[in-house]
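Please open the structure in a viewer and keep the selection panel at hand.

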Amino acid sequence: MLKIAIIGFGNLGQSLAKTFADLGHMVLAHSRCDHSKMAQDLGISYFSDPQDLCEQNPQVILLCTSIISTESVLRSLPLLRLKHDTLFVDMIPVKEFSKALLLKLLPSYLDVLCTNPMFGVERGKHEWNGMFFVYEKVRIGSDGVGISFCDNFLNMFEKEGCRMVEVSCSEQDKYVAGSQFITHTVGRVLGMLTLESTPINTKGYETLLDLADNTARDSFDLYYELFMYNKNAFEMFERLDLAFDTLKKQLFGYLHDVVGKQVFDNAEKVQMGHEEYKVSNPSHNGASSESSSKDMRSHKIAQVSNRKAQISDHFDDNSRLKIAIVGFGNFGQFLAKTIIRQGHIVLAYSRSDYYDVAQKLGVIYFSDVEELCKEHPEVILFCTSILSTEKVVRSFPVQRLMRNTLFVDVLSVKEFPKNLFLQKLPLNFDILCTHPMFGPESGKNGWEALPFVYDKVRVGSDESRVSLCDRFLDIFALEGCRMVEMSCAEHDRHAAGSQFLTHTIGRVLEKLGLESTPIFTNGYKTLLNLVENTVGDSFDLYYGLFMYNVNAMDQLNRLGMAFDSLEEQFLGRLHGILHKQHSENASKTLLPNHPRMQLH
Ligand code: NAP
């Protein structure tokens with residue numbers, strides 16, 4: 001058992017004191033303010049005078065002081081009263097700085113261990129299992145006593161399940177300081193937005209909430225110190241600012257393109273008319289293209305008869321649904337895999353040719369939407385981008401479908417497709433608006449407990465129509481999704497805002513090119529996961545969330561303002577420090593000459 005003196009009895013000091021005492025060590029504490037009551041509650045001896053503390057001959061002195069105060073605290077300690085081989089341990093998150101400071105101020109007979117527990121007070125909640133504990137044995141005496149103090153101290157964390165990593169302080173700074181600073185910055189910006197949990201949080205949004213929550217508990221002092229004592233912090237802050245600006249420019253460029261296209265729409269229509277004329281007059285195409293078009297046609301005929309054979313194979317089994325996916329991009333293919341696995345028949349149609357991909361998945365692919373409809377699928381599942389859905393629905397050959405076909409969409413916004421379907425689809429078709437609140441990345445290990453939101457917008461009362469809708473929903477229920485029936489309006493109120501924010505943060509971070517490091521905090525891992533979750537989504541999807549969310553512009557502005565206000569807080573501090581230095585210098589130089597000063 002060790003006798004450990006904790007100096008700096010703030011959040012971290014108190015939390016460690018409690019844990020050490022629980023593990024049976026003798027714990028003493030000292031701090032600038034009077035924490036004797038708290039110490040008493042924890043069953044720990046508290047010393048307001050560092051002289052008295054040192055006279056107790058602690059074997060380990062653990063510095064839980066802020067970065068800024070550590071130097072003055074060390075200078076105030078009566079080091080001569082300490083026994084040889086007393087082990088000094090620090091837990092300051094900027095390691096090169098603390099190592100240099102300890103080596104400069106401590107006599108050579110005192111040992112030095114620089115550590116960085118990669119968990120905070122609240123976050124760890126004393127559960128250190130699996131968390132990184134990084135350290136460098138900077139100066140440990142060669143006799144048995146010093147070595148045993150150091151080993152015993154480290155063993156405490158190892159026994160509690162920490163992942164012990166021994167690396168130099170400079171390596172630690174390279175891996176840790178940067179990632180910690182960026183994590184705190186994002187957490188603080190989010191904190192300023194006062195995010196609220198919704199009943200249908202995506203994994204990504206949960207991530208943001210956790211991050212904001214975790215960083216809110218740390219003081220601004222800690223964050224400021226990470227900024228001041230990390231050589232790269234300013235550059236990182238600038239890069240984050242730049243990434244945000246670049247993303248905004250990308251959005252506005254896209255916006256400009258879309259509006260521009262609308263402006264020049266008429267000109268395009270004239271051009272298109274001309275192209276159509278060329279296609280309908282083969283004499284314009286030349287002999288070689290004629291033969292290749294013949295080849296293409298026979299290839300297509302072969303494909304169609306091949307598909308028909310596949311469909312008739314499936315026809316016998318009435319329990320299966322025949323689902324046509326319209327829009328066979330990223331998300332359409334992702335859904336198809338599970339639907340196929342459950343034994344349903346999946347047909348697909350898209351703007352691009354996905355024949356090979358479809359074949360690999362066991363999906364029957366149509367490059368002609370009329371052909372697809374002639375197969376009379378029971379469900380038409382729209383997986384098109386938000387932006388293109390209106391165009392695709394408008395030109396959809398509904399007349400080729402059977403009565404009572406069920407139209408479903410999975411768009412990430414809901415009021416828009418609901419209104420579109422209600423306007424465009426004849427009354428004999430049913431409408432189910434859904435939003436699986438997960439994607440190919442967040443749902444790659446299964447859909448268990450992930451929210452699936454749906455609104456039965458218009459489902460006929462016949463038993464067969466009700467059953468068709470329920471059988472479709474069962475696909476998701478069977479996978480263990482958390483089925484949430486909610487109106488489209490309510491969905492948009494809860495989700496549209498949070499999703500846009502999640503994607504924006506994910507995209508800004510992606511632009512920073514964050515890299516995984518061998519040692520990381522949970523917060524940083526969270527950021528990396530967020531990037532991973534959003535980076536695979538198309539810019540169209542992000543742009544759709546921007547365009548079809550009335551509050552998106554406002555959210556973007558609030559995010560910008562939160563970031564600016566953080567910058568101003570830094571500026572205020574730096575200005576304050578410089579101002580203080582100036583006035584101190586000025587009073588020093590004034591002192592000998594100023595007549596009033598001389599009088600005193
Ligand atoms: P997306 O970029 O939103 O949509 C891609 C799909 O839209 C492709 O099938 C694409 O067809 C089609 N498309 C795009 N522009 C088109 C146009 N002008 N004309 C016809 N079709 C067009 O990416 P996604 O991730 O696959 O998302 C599909 C839908 O699912 C979106 O509405 C999205 O909001 C929703 N959703 C996505 C996720 C997710 O995590 N990804 C989660 C829930 C819901 P081609 O590939 O043939 O060009």
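The model is a predicted one, in which local features need pLDDT of at least 70 and side-chain atom pairs count only at pLDDT 80 or more, while totals for chains, interfaces and linings use all residues. Residues are numbered from 1 along each chain as its sequence is written, and side-chain values use heavy atoms, with hydrogens and water left out.

Colour the chain by secondary structure next. It comprises 24 helices and 16 strands; helices (H or I, at least four residues) and strands (E, at least two) are DSSP runs, numbered from the N terminus. Of the 600 residues, 48% count as buried. Buried means under 20% relative accessible area, exposed over 50%, and partly exposed in between, with a 1.4 Å probe and protein chains only. Display the surface as well: the chain exposes about 29500 Å², and 51% of this comes from carbon and sulfur atoms. Such areas come from the Shrake-Rupley method with a 1.4 Å probe; for residues, only the protein chains shown count as cover.

**The ligand**

Select the ligand and the 28 residues that surround it, of which the closest are Ser350, Tyr354, Thr384, Ser412 and Ser538. H17 gives the largest share, four residues. By type, the shell divides into twelve nonpolar, twelve polar and four charged residues.

Now show the individual atoms around the ligand. A polar side-chain atom of Ser412 lies 2.6 Å from a ligand oxygen atom, and a backbone N or O atom of Phe331 lies 2.9 Å from an oxygen atom of the ligand. At Lys391, a polar side-chain atom is 3.3 Å from a nitrogen atom of the ligand. On its own the ligand has 860 Å² of accessible area, and the protein covers 90% of this.

**The nonpolar cores**

A nonpolar core is a set of buried Ala, Val, Leu, Ile, Met, Phe, Trp, Tyr and Cys residues joined through side-chain atoms within 4.5 Å. The largest has 83 residues, and those with the most contacts inside it include Phe181, Leu190, Leu372 and Phe407. Helix H11 (residues 233-263) gives the most to this core, with eight residues. Centre the view on Leu190: leaving aside residues up to four places away in sequence, it touches Leu195, Leu208, Leu211, Ala212, Leu501 and Ile505. A second, separate core holds 34 residues, including Ile325, Phe331, Leu450 and Cys481.

**Single residues**

Select Glu136 in strand S7 (residues 132-139). Is this residue buried or exposed? Glu136 is buried, because its relative accessible area is 15%. Its side chain and that of Lys99 are joined by a polar contact of 3.2 Å.

Finish with two loop residues. Asp85 lies between helix H4 (67-76) and strand S5 (87-90), and its phi is near 75°, a positive value in a residue other than glycine. Thr194, in the loop between helix H8 (169-192) and helix H9 (203-216), has a positive phi near 40°. Asp85 counts as buried at 14% relative accessibility, whereas Thr194 counts as exposed at 59%.

Technical notes
Near = heavy atom within 4 Å. Polar contact = N/O pair within 3.5 Å; in protein donor to acceptor, adjacent residues only side chain to side chain. Nonpolar A, V, L, I, M, F, W, Y, C, P; charged D, E, K, R; others polar. Contact = heavy atoms within 4.5 Å.
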